Amino acid sequence: MTKFLSGLAKGMATTARTMTTHAHTQQYPHVKPELPSRSRGVIALLEENCTSCMLCARECPDWCIYIDSHKETTPPTTEGGRARQHNVLDRFAIDFSLCMYCGICIEVCPFDALFWSPEFEYSTTDIRDLLQEKETLGQWMPTVPAPEPLVPELPQTEAQQLVVDVEPEDDPAAGRTTKRGAGEVPRPGTEEQP
Amino acid sequence: MTTYDVLFTLAGAISTGAAVLAVSTKHLVHSALWLVVALASLSGCYLVLGAEFVALVQLLVYVGAIVVLVLFALMLTRAPIGRSRDHDTPLPQRAAALVVGAATAALLSAVLISAFGNDAITVRGGSTHVLASQIFGTWVWPFELLSALLLIALVAALALSRMPIGRRDDSEADAR
Amino acid sequence: MAGDIVEIVLRAVCVLAAFLVLPLLVGQTEHKVMAHMQGRLGPMEAGGFHGWAQLVADGIKFSQKEDIVPLAADKRVFRIAPALGIVSYLFALAVIPLGPHTVGADVPGSLVWVLAVGGIGTVGTLMAGWGSGNKYSLLGGLRTAAQLVSYELPLILACASFAIAAGSLSLVGIAHAWTPWWLLWQLPGALVFLVAATAELQRPPFDMPVADSELVMGPYTEYTGLRFALFLLAEYAGIVVMSLLLGVLYLGGWTGPFDHQIGWLWTLLKGAIFAVLIIWIRVAWPRLREDQLQRVAWLGLVPLALLQLAITAIGVVVTSR
């Protein structure tokens, strides 16, 4: 009986406490949500990088990428040179009514032509309008956030703490690695530079 | 004819009509609902006569409790929507019921007419206070007797409902 | 004579206005209080400021819906049922006093009146349950009947305790006889009344008849549009009636500072306390099982109400000497 009554009282107390704290609701259309930079909203196309290699279209699990291209021949610039051929992208379209946002196309693109953008407000009243051509896909490019560093940099105070913690006299090697870890990790891409 | 006369006649007519419909309708649940109308308009009769407490108790007990119980029992057992002939009584029984009802009505009206004739009687004593002093003063013993009877009925009903169905010895023997 | 008629019409219009406005206020309070108790905001859009017009919008939506009567239903009973449910609480609200003279109709036995017309609403729910021609509705109707018959007894006993303590069956008389001692003296009775009233209204945690996880919507399963809205309005009008009733019976109605000027405000405030409490209970507690429901009524509330009746009787006899 006391358990029953204390349970009832606890229920009342919990609800009263929740009522006096702030609600968790986000007033979406009035207040835009703060999305993480890696959220999968829409796929943006950087047309200059695309070589029409068709990798994305072939890897797409539900075949929602359409690519048309033709070859053009550039005449040789020097006498006796060889004419070069290159692909010209005629059409690049993603049907977002089919897309399942797996991101495989972005993973497989060897030339960094496709990017995730957190933008998500592109619903339409007609399902056919969800087929976005390369102009529309290109418009998303400004919304693509800058890539995050692969190894997150430690805040300065924390880094100093790490250096202080380790006694260099005991093990010099440990001291070196710790210093290296303290904010001096080479940025991705810099290692390969000659 | 005062307003009260008109209202009383109206309530009485509704009550009678609803009562007739309650026993004559072929829809089982409708007859219980007509009973509600009959009892409610009867309480209207009481109200017109100035006995508002009796009227309200009539509404509270009969409409609020008894008819709800009747409806509950109907729903628990069988309450088909639409006409049903399962519970039709044979013709002789109906005739007998008509004779008994008519005889009772004749007896009552004969008694009332012989007692009061055409005299106008002012009805008094319907108010709550007078009712209370009558029940708990003059008629306290019959009232207490009725309460005891109802209590015994309640206890008996409880005892009956808690009794196991079938003979206990047999079922125990079977279990072994 | 003409003045009398004008007064009667005016009073009727006031009661009708209160009947249409107060339930909406309670409904909006429920929307908001329940939302914040669950860490939400509730309606925020309709009408602009914190969604104040949400229930008006709901009403407009309901009135636009198609009025569907199922083929298997008993059409007349199905159509009349919502009216009965709503009329009973309208009649009840008419006799509840906001002040010593601010009352729709000053009936001598107004307490019995409120309890008596409450029974008509029960019949309305039963008619809805049976007349829908749906097994869920029928089961819901059965549960309604069982629940209301069980909880009417403690409700009436608790009311009887207040009536004995005041020596009057009139709500105005009871509120006049109120003293601050009642807060202690009538506490068990008030508790019994609150629980029984919540059960009578079929509000959670006593919402077995409309338990949506098992019975869809109980007796109201087949209802749509305005008829369904009438049942909803009846539920919230029921909260208004029961809260004001408990405010008048247990907290003395209009008694308070400056009660000559703002007595009606005190009554409304005291009623609002209980309305919020009923909403709070709904949010905080889980639904009772059917057998637990009956157990609470017969083994918990009825003995407690009888005990309260005895305490009240002893108190009246001792103080009247």
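Buried area is the accessible area (1.4 Å probe) that two parts lose on being put together, summed over both. The legends below describe a predicted model, in which local features need pLDDT of at least 70 and side-chain atom pairs count only at pLDDT 80 or more, while totals for chains, interfaces and linings use all residues. Residues are numbered from 1 along each chain as its sequence is written, chains are lettered from A and ligands numbered from 1 in the order in which they are written, and side-chain values use heavy atoms, with hydrogens and water left out.

**View 1. The interface of chain B and chain C buries about 2,200 Å².** Carbon and sulfur atoms give 85% of this area, and Leu60(B), Met75(B) and Ile81(B) supply 30% of what chain B buries against chain C, more than any other three residues. The contact (heavy atoms within 4.5 Å) takes 23 residues from chain B and 30 residues from chain C. Across this interface there are 0 salt bridges, a salt bridge being a side-chain nitrogen of Lys or Arg within 4 Å of a carboxyl oxygen of Asp or Glu. There is 1 residue pair in polar contact, both residues at pLDDT 80 or more; a polar contact is a pair of N or O atoms within 3.5 Å, where within protein one must be able to donate a hydrogen and the other to accept it, and residues adjacent in sequence count only if both atoms are side-chain atoms. On the side of chain B that touches chain C, α3(B) gives the most, with 14 residues (helices, H or I, of at least four residues and strands, E, of at least two are DSSP runs, numbered from the N terminus).

**View 2. Chain A and chain C bury about 1,200 Å² between them.** Of this area 70% lies on carbon and sulfur atoms, and Met12(A), Thr15(A) and Met19(A) supply 42% of the area that chain A buries against chain C, more than any other three residues. The contact takes 12 residues from chain A and 14 residues from chain C, with 0 salt bridges but 6 residue pairs in polar contact, both residues of each pair at pLDDT 80 or more.

**View 3. A salt bridge joins Lys32(A) and Glu121(A), with the closest N and O atoms 3.1 Å apart.** Lys32(A) lies in the loop between α1 (2–20) and β1 (42–45) of chain A and Glu121(A) in the loop between β4 (114–117) and β5 (131–132), so the pair ties together parts that are 89 residues apart in sequence. Lys32(A) is exposed, with a relative accessible area of 52%, whereas Glu121(A) is partly exposed, at 38%; buried means under 20% relative accessible area, exposed over 50%, and partly exposed in between (1.4 Å probe, protein chains only).

**View 4. Asp67(C) forms a salt bridge with Arg227(C), the closest N and O atoms being 3.2 Å apart.** Asp67(C) lies in the loop between α2 (54–64) and α3 (75–94) of chain C and Arg227(C) in helix α10 (residues 225–250), so the pair ties together parts that are 160 residues apart in sequence. Asp67(C) is partly exposed, with a relative accessible area of 43%, whereas Arg227(C) is buried, at 17%.

**View 5. Thr312(C) is found in helix α12 (residues 290–320) of chain C.** Thr312(C) is buried, with a relative accessible area of 0%, and, leaving aside neighbours within four places in sequence, is in contact with Ser161(C), Ile164(C), Ala165(C), Trp185(C) and Gln186(C).
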